[in-house]
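I opened my notebook to look at how the chains of this complex meet. Here is what I looked up, entry by entry.

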Amino acid sequence: MMTASANETKHEPDSEIGGLTRREAVRAGVLMGVSVAAAGTAVSLHRRAAVTGDPIGEGTVRHLTVLANVPPTLNDDVLIRMQRELVKAMAKPVEQRRWIMVIDTRKCVGCHACTIACVAENHLPPGVVYRPVVTEEFGEFPNVQLRFTPRPCMQCDKPPCVPVCPVAATWKRPDGIVTIDYDKCIGCRYCLAACPYGARTSDFGEDYLAGAAEGAPTDGQGALRGAPAAWAEQPSHEYGKSWTREGHQSPMGNARKCHFCLHRLEVGQLPQCTTTCIGRATYFGDANDPDSLVTELITRNNVQTLLPHKGTQPRVFYIV
Amino acid sequence: MQRRYIAASLWVLWFLLLMLGVVGLYDRIVNGHLPAGYGSYVPWGLWIAIYFHGVGIAGGAFGIAALGYLLRIRGFRHPAALRVAVVLAFAAIAPAFLAVWLDLGHMERATRVFSSPMFTSMMAFNSWMYAAFLILAAVCWWISYSPNSTWLKPLLCLGMLVTVMIPSQSGAFFGVVDAKAYWHSALLPIMFLMSALTAGGAMLLLIRGIIGCGSPAGVGDNDPAVFTAALSTLRRVVFTGLVAYFVLEFAEFSVALWNPQTHAPAIDLVLWGPYWWVFWIIHLGLGGVLPAALLLVRNRNAWLLASMLIAVTFISTRLNVLVPGQAVSEIRGLQEAFTHPRLNYTYHATTMEYLVGLFLLAVGMSIYFVGRKVSKLCAARAARKVSV
Amino acid sequence: MSRNATQRNPISRRGFLAGGALLGSTLLSDELFADERRGSGDSAILNSSRPDTPYELVQADHHIQSACLQCNTGCGIRCKLQNGIVTKIDGNPYSPWTMVPHLPFNTHVDDAAPVDGALCPKGQAGLQTAYDPYRLRKVLKRAGKRGENKWVSIPFEQATREICEGGNLFSGVPGEQNRQVEGLRSLVALRDAKVAKEMEADVKGILDEKDRTKKQALVEAFKVKHAQHLHLLIDPDHPDFGPKNNQIVCAWGRLKDGRGDFYKRFAAALGTTNAHGHTTVCQGSLYFTCKAISEQYAEGKFTGGQKFYWQADTENSRFILFVGANLFEANYGPPNRSVRLTENLVTGRTKIAVADPRFSKLASKAWKWLPLKPGSDAPVALAMIRWILEEKRFDAKFLATANKAAAAASGENSWCNATWLVVIKDGKPGKLLRAADLKIDGQPLRTAEKRPTADGKEYDEKFMVVMVNGVPTAVDPNDATTPVVADLFVDTTLADGTVVKSGLQVLLESAREHTTAEWAAMADVKESDIVAVARELTSYGKAVAVDIHRGPAQHTNGFYNVLCWMSLNMLLGNFDAKGGLIKASTYDTKGKGKGNLFDITAHPGAVKAFGISSIRHGLDYEKTTLFSGYPAKRNWYPLSSDIYEEIIPSIGDAYPYPVKCLFMYMGAPTYALPAGHTNIEVLCDVNKLPLFIASDILIGSTSMYADYIFPDLSFLERWEFQGSHPNIPNKVQPVRQPVIAPIPEECTVYGQAMPMSLEAMILAIAEQLSLPGFGENGFAEDRHLKHPDDLFLRGVANIAFGEKPDGSAAVADADDREVEIFMNARRHLPRSVFDAQRWRGIVGESMWRKVVYVLNRGGRYEEHEKGYKGDRVAHPYAALLNLYQEKTASTIHSGTGKNLSGVACYVPVCDFVGKEPDELRTGYGLALITHRVISQTKSRTIADPWLSALLPENGVLINPRDAERLALRNGQEVKVVSATNSTGNWPLGNGVEKPMIGRIVLTQTMRPGVVSFALGFGHWATGASDVTIDGHVIRGEKRRQAGIHANAAMWTDPVVKNTCMFDPVGGSVSFYDTHVRLEPVGGAGAKASALP
Ligand SMILES: Nc1nc2c(c(=O)[nH]1)N[C@H]1C(S)=C(S)[C@@H](COP(=O)(O)OP(=O)(O)OC[C@H]3O[C@@H](n4cnc5c(=O)[nH]c(N)nc54)[C@H](O)[C@@H]3O)O[C@H]1N2
Ligand SMILES: Nc1nc2c(c(=O)[nH]1)N[C@H]1C(S)=C(S)[C@@H](COP(=O)(O)OP(=O)(O)OC[C@H]3O[C@@H](n4cnc5c(=O)[nH]c(N)nc54)[C@H](O)[C@@H]3O)O[C@H]1N2
Ligand code: SF4
Ligand code: SF4
Ligand code: SF4
Ligand code: SF4
Ligand code: SF4
Ligand SMILES: [Mo]
């Protein structure tokens, strides 16, 4: 193998290290060393850096008047209690809030109201869902059982979806919510693959009315109304901004996920799925508030998280 | 005669690929991702497999050529041999990049990976590495025309480092994903390296086999002995890589299959799922046993055929890692909880995706063709320079 | 900086900053935030180049509260508008459906604005129903054969003219070139009120005559007397058919008050007695058994039974047995009932058991599941009754109270006739013994008294008899001063030889027909489970309930199943108790007797309708001139009404008489009924039904067979008074009101612009025919009815006014800010819908702000705590309960000629002539039932694509044990066939058939031997199929066809043939009695379906 052929060998080096002259070897070593060092530094810097730049501090304090004029009663609907607590939490700077969600599977009736409420609130297209409710069946007749598990984003404290994003389009906010900036996201879907909960879905720009009433007039003057739907043309409000589904604009083409309805929190409203939970199985609040309902709930012994072995440290807790 | 015949059929093939590919591309551009088969539970499909295949080939081919050059192995000592590999690397990596680019939800924002990268992401890191690699390869290619440069070898060494890292990084690309048990394996980076070496070697074997076939190609192959030496070296590399890959794969599967604690449904899926034939027939049969057998035959054409098989079927190695890794839900019943074709754990590449795949192949061929022409021109110029 | 807006603008308008600083403040001028809007990069939530935008959905100025109608629960909704478009629907927090307790009614609208209540997924998706691309905008006229789905759109005026005047209307349709259609004008034959009144009285005479020869003589006399007007009758030989007007039938599916007032007023103006709803397809026998239970003893007879029923006071019950009630997915309804249960279940305060052949989501929270065999409700109930009676665990105190006074004395609101003595003749219980008829030593126990009747006549009060410590004692049931507490179990022969038993004794004997073990075996439920449940039911005092719904009701034996369960409730003594059985209570909309505020029932000039109804209800067969022995040609329904399964099939048989014109509002009998295909056959026949007019929001599964379809307003565009349900303890009245701009075109009627709608259609016909009670002075002098608002706004004013004649129960006036909100929220509505000036004019200045107050809150809702008074409900039933039903016992089954039972008992599943359908069962080994899923409502919600994602198609649910036995795989396609539909196809008319094919869904939640399918799939209309309009083909949406609807496999009655099996007493259709076979369909895909 090592026999040299005349027309390939031109010169004989003085001293060799595996075919390289000393000089070449030194150069090679330096080049490689520098490169590895540069790469290593880049990675570790980014590992440590909190590059969010979210608004924090006094500027994030919200003095909301929600429910101020509704006298509390002893047996208020938990929705009211939680909304009051939310208003209270919003009066703190954002970094002092610690939003968590608690889902009591014993109370969940598997109605999917939360799923659809979220779809409606966030104008999710087909194939995008933030909070599916999983139904499982156990046992054999007549000893059967059903279990319903709603699955929002866990807003993990160690979110595997965040470090994989090549462009820092997703990050963890000071209040713990894992956010996506649609305007930055390039739509590579790496974060989808990284989330063990399947909590991220990609907006492929689908349309719920595709395939409906083909052939019907679209000018709104025919015998039938015809597509498209008025509701689909209105902008949505995620992150307190305005998103219209036109062309290929964001959030189309982006990864999407539950954001604990930040835009509703901002105005003193509970997340949409919490507010519409007909079994009152979904609780939401500030775990930093020792008096909050959610704090009360997660200190009991029947609380679990989903896929704890993944080490993601979810901020969504399940009561079983 | 034979050469012209091959050339003509390559032209026809290229044209066909291009035509079909353009149809797919048109579909992709006009209808966005709607005609694609990947979704949210299987977010990556054929194109990402092509991507990893492409970068694997690039890395593997460059690595082998560089090592051969550095170690002055017969058939690899001539800088032209290096250049063939560089051109091949470009021809493999450009379509690979194109594939991920087309896969992006917002193609117009691709540059963000360079303007605001996040290096904790293997994707950002890889992109930078490949960019570095391309520059490096280009520089090597350029200075290979000045045979006395003392930078070539150090750069080749760096290139070697990068090429070892590229495929293994691709493995890490998945390995860091804790979410998918199947991907979360220490062996994966090594397997990727092996498959890169195998596929890269095979491509090199194929190309050198074709271009060296009977005509002076400026690689030194006009010396039949050198030509034969190069081919048989590559043959050995490919064979070894092939065997090593399958051994690793066996190791990986057996650990999972016989250890009840790590029992991975994804592997069941690969082996016995609805696409069992992809593993057993395409991957193991057409991509493993048959090429191995062909490589053992003392016939160059058989080797070329084997290489071709490997070059093509090793996409399935990527798909076999990629798709089943995604195809298993950690949460039972998620697919039924909210239904949509894109919220499904089965994936079928669509016609559009295949057509775009063909387009990418055509692009690769074009780049190779152009690269070869440029190489030759430059070689001629360099020769003129030397003679003047 | 934006976030400091609060500080900078310390305006403390109430709740103005409800929406927080930046996001909620469109009210502030735009300039204030100009730099933020431009994106200074310093945003509230997310720093980015994209500017923040206000979240206007939180503001009252973008809200209209209304009532959902995605199912019939009628939850309060808050529609949130963006640029005049509803983009989000949430719960109205003023409504007890969406919050417990709901916000106090006097909460300012601004304060309520940021508080959202809970809704089910269908409620959320309601906006998709409203904006459905298949919604009709113009009147469609048939341009092909009935059901061929070829249409032309025609002007509104043309449609009403053609319908009224008739003629050669379908000359373009092959086969109908020369068909002359009789128009409404000639059908509204009898218009003379005086003549009508006289005829009615004479017909009553004929009907009341028991002797058949004399009856015939009366008929002859009638013909002579009314010789001049005989041409106005359908058949002079049968004057009891009534006038030709009766040949117009006004039918409906889902109709609520307000609209109901409109529609029934229309029928009344047309002079037809035929105004029939869909109750019997729904839970008819539940209603009509409760009607029989609630018949009051008045003027010597049993009368005034209410068409209603009771449900559990879910929130306060300690133990509830749910029977065939699907609380978490259906019922009335998930949002209001789930919230009242879940917390109590988790804390252990409430325990529930579920009796259902299917393990429902409700069962998943139950302490015990009784997976009974379909149709075996009575055995389970009777077993419990027997055990409770024998173990003496019943509420003896309650049962012993024999009259109103006794009830009051023991702190009860209601009382029961369990102790009243029943005369036993030939071993059979018959009439209740009357004190005046019981001679003791030749003297009546109590002499009859002459008492005045309500209409100023006199009658003989004969009194009931009970035993008090073994002594026969007369009892005046309605006596509020002398309590009578009586012996419970009586079985004796009285001094005069009369054999008597107490009602409770009769019940005990009925329950003793079998041992509990035998009853349990009949239902195939463990006896120990039955006993355990019975023990729980009798362990918590009155805070217990048996809450039943369609499961027991929709059988041929539905009436008696329901009676068994309700009798069990009577044993528990739980009526009107907090935590027991309660009834609905609503604020009045009609305005009768409200200091005569707005009597919207006033109908000057109306001709009294009379005659046998086309569905033969409310009348004994024996009384009519049609009587010709047993079985009758079709069943008669003296104890029930709204016999949906008879409306169209009876037209097919022209029994009792031919019908010339059918109106169908919001009903889809062809889809909804068991064996609904039998209706299609009739509808397709223009000879059997010459004119068919439908009101629909799209081309629906029944309206597709119509001659004309009038576009209607969806629930987000129209008015209605939704009313309440028996599980809501508070007095309420949800108001449905226009939220979005109408999709249908405008039309002009009585000189007024209005959107096309049911009301517009009615008004236009009324105008064309000059019908009384519409137009100028329609209600009364200066009270016109020219626009729908004329009725609805007055109804709202009546609600606002309250029940006190002096107005002291009226709501508050809306303040200026509330009026501003009211106006702002309606900016987008066209003047034909919302015109403040016009609205104000209708209700008058004094009521205007009260009306605004009510409308701003989406209705009127009593405060939560006002629903109870101590351990009783504040709105009790407070009347007599018939454990023993004399009226029922005196009624004869027109199929068998036998008297019905007056007490709860087991009746097997039977056909019209009382035969058990064994032949239909042979070879068909699986019992077929059906159920609802949360995501679909019949033929309505398939329009909503969001919901399809939850369950894209239903399937045939079957236990894996059965599947294994039958070699069926999960996901395999099977056809459902039965003895009465052996092809397994749904004939859609014109030779088109839809095979009833569904995928096998293996699930342990099904009782082995029983299969089920969910309602709401397998559509062929409602946007599912192609239609041709004005020559253009409009494609159906594939999504809407998915799944299976197997109603056409349900048995047709083997005797009556063209309708389904039915409950001859309560009228219910049979949904859960059919037996079927599943036939694998070739090369089935292995695609697995979703979970149930
Ligand atoms: N999602 C949804 N909700 C709705 C509606 C809707 O269409 N969709 N419709 C509304 C209307 S109109 C109605 S009437 C209500 C109906 O409300 P429910 O009556 O509560 O609902 P169904 O699903 O019809 O429930 C019937 C139950 O009876 C069971 N069953 C079947 N056979 C038998 C039997 O022989 N014995 C017993 N004990 N049980 C049996 C079935 O398995 C099923 O669980 O729902 C209302 N709410
Ligand atoms: N298999 C099976 N079948 C069932 C049941 C079951 O549990 N299982 N349940 C039964 C029960 S409880 C019921 S109540 C019946 C209901 O039976 P129906 O009352 O006949 O059924 P709906 O689906 O309410 O029919 C409404 C029809 O009216 C039209 N429509 C919809 N919205 C509007 C509107 O806003 N205005 C007008 N004018 N028209 C409108 C549409 O064409 C629609 O098809 O179904 C019964 N059918
Ligand atoms: S649940 Fe998934 S998407 Fe959400 S934070 Fe955790 S890893 Fe990220
Ligand atoms: S899809 Fe968007 S958010 Fe997710 S990793 Fe890629 S760029 Fe980041
Ligand atoms: S918190 Fe908001 S975004 Fe998240 S699942 Fe609930 S509704 Fe959806
Ligand atoms: S809304 Fe509540 S009860 Fe319904 S599925 Fe969601 S979590 Fe469960
Ligand atoms: S239960 Fe759901 S569909 Fe029915 S009225 Fe309430 S919100 Fe609407
Ligand atoms: Mo119903």
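**Entry 1: chain A against chain C**

I started with polar contacts and counted 46 residue pairs between chain A and chain C, with both partners at pLDDT 80 or more. That threshold matters here, as this is a predicted model.

Next I asked which elements of chain A face chain C. Those giving two or more residues are helix 2 (78–90), helix 3 (113–121), strand 2 (133–140), strand 3 (143–150), strand 5 (178–180), helix 5 (230–233), helix 6 (262–265) and helix 7 (272–275). Helix 3 of chain A has the largest share, with seven residues. I sorted this side of chain A by residue class and got 42 nonpolar, 34 polar and 20 charged.

Then I looked up the extent of the contact: 96 residues of chain A and 101 residues of chain C take part. Together the two chains bury about 8100 Å², 60% of it on carbon and sulfur atoms. On the chain A side, A:F141, A:W231 and A:K241 supply 10% of the buried area, more than any other three residues.

How many salt bridges are there between chain A and chain C? I found four. A:D183 forms a salt bridge with C:R50, and their closest N and O atoms are 2.8 Å apart.

**Entry 2: chain B against chain A**

I turned to the other interface, where 64 residues of chain B are in contact with 80 residues of chain A. The buried area comes to about 6200 Å², with 61% on carbon and sulfur atoms.

I counted four salt bridges here. A:E206 forms a salt bridge with B:R342, with 2.4 Å between the closest N and O atoms.

On the chain B side, the elements giving two or more residues are helix 4 (112–115), helix 5 (122–143), helix 6 (152–175), helix 8 (224–258) and helix 12 (334–337). Helix 6 of chain B gives the most, with seven residues. By class, this side of chain B has 36 nonpolar, 16 polar and 12 charged residues.

**Entry 3: one helix pair**

Helix 6 of chain B made me curious, and I looked up how it meets helix 1 (residues 22–48) of chain A. Their axes come within 8 Å and cross at roughly 35 degrees, and the crossing is right-handed. Residues in the contact include A:L31, A:M32 and A:V36 of helix 1 of chain A, and B:L155, B:L158 and B:L161 of helix 6 of chain B. I noted the classes too: nine nonpolar, one polar and three charged.

Definitions and conventions. Residues are numbered from 1 along each chain as its sequence is written. Chains are lettered from A and ligands numbered from 1 in the order in which they are written. This is a predicted model: local features need pLDDT of at least 70, side-chain atom pairs count only at pLDDT 80 or more; totals for chains, interfaces and linings use all residues. Side-chain values use heavy atoms; hydrogens and water are left out. Contact means heavy atoms within 4.5 Å. Buried area is the accessible area (1.4 Å probe) that two parts lose on being put together, summed over both. A salt bridge is a side-chain nitrogen of Lys or Arg within 4 Å of a carboxyl oxygen of Asp or Glu. Helices (H or I, at least four residues) and strands (E, at least two) are DSSP runs, numbered from the N terminus. Ala, Val, Leu, Ile, Met, Phe, Trp, Tyr, Cys and Pro count as nonpolar, Asp, Glu, Lys and Arg as charged, and the others, Gly among them, as polar. Axes are lines fitted to C-alpha atoms, for helices over the stretch in contact, and angles run from 0 to 180 degrees between N-to-C directions. A crossing is left-handed if the near helix is turned anticlockwise from the far one by less than a right angle, and right-handed if clockwise. A polar contact is a pair of N or O atoms within 3.5 Å; within protein, one must be able to donate a hydrogen and the other to accept it, and residues adjacent in sequence count only if both atoms are side-chain atoms.
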